[in-house]
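User: Hi! I am new to reading protein structures. Could you walk me through this one?

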Amino acid sequence: MAKYVAEVLWTLKDGEDFLKGRYSRGHSITFDGGVELAASASPHVVGKWAVKAAVDPEEMMVAALSNCHMLTFLHRARLAGFLAVRYQDAAEGVMEEVRPGRQALTKVWLRPVITWQGDEPTAEQLAQLHHEAHDECFIANSVKTQVMVEARAAA
């Protein structure tokens, strides 16, 4: 069993009014390797109390799904004998109401563009590689969010 840790730290600043909801949602997340990330609630959720330059949980979830799919896809492509030299994804997620008063990140689109060197997979092989990557992705296996892969050819 693998263990993953992240330290989340938020502190009330002088002059903020916690009980009235007038406080910054900005905080930090430090990962076990030492990387520190500026984080916040989404501006779509808390408006001016968000830190727009920081990453919000919804963005992190979209990024985690994209990142996991990419890493798994690259592994599957390597095993199939294809040489990927670049992978770019413009992933996007949407938040929707799932029942009155409750929202969820319900759909995430992964839009990878892969550049190959040498033999490229056929459309059928590429679709199969993406299917295998999605099926094996640890993060995709951990969420209820619908994840769609809309792969495009590199220009």
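User: In which order do the three strands of the open sheet lie, and is the pairing parallel or antiparallel?

Analyst: A word on the model before we start. It is predicted, so local features need pLDDT of at least 70 and side-chain atom pairs count only at pLDDT 80 or more, while totals for chains, interfaces and linings use all residues. Residues are numbered from 1 along each chain as its sequence is written, and side-chain values use heavy atoms, with hydrogens and water left out.

Now the general idea: strands of a sheet pair through backbone hydrogen bonds, either parallel or antiparallel. Here the order is β1-β2-β3, and the pairing is antiparallel. Strands (E, at least two residues) and helices (H or I, at least four) are DSSP runs, numbered from the N terminus. Two strands pair if DSSP finds at least two bridges between them.

User: How many bridges link β2 and β3, and what is the partner of S28?

Analyst: Strand β2 (residues 27–31) pairs with β3 over four bridges. S28 has A38 as its bridge partner in β3.

User: Which strands pair with β7, and in which sense?

Analyst: β7 (residues 112–117) pairs with β4 (residues 83–89) in the antiparallel sense, over six bridges. With β9 (residues 152–153), β7 pairs in the parallel sense over two bridges, and V113 has R152 as its partner in β9.

User: Which residues does T72 touch?

Analyst: Contact means heavy atoms within 4.5 Å. Leaving out residues up to four places away in sequence, T72 touches A133, E136 and C137.

User: What joins the side chains of H69 and H130?

Analyst: A polar contact of 2.9 Å joins them. The term means a pair of N or O atoms within 3.5 Å; within protein, one must be able to donate a hydrogen and the other to accept it, and residues adjacent in sequence count only if both atoms are side-chain atoms. H69 is in helix α2, and H69 is buried, with a relative accessible area of 1%.

Terms used
Buried means under 20% relative accessible area, exposed over 50%, partly exposed in between (1.4 Å probe, protein chains only).
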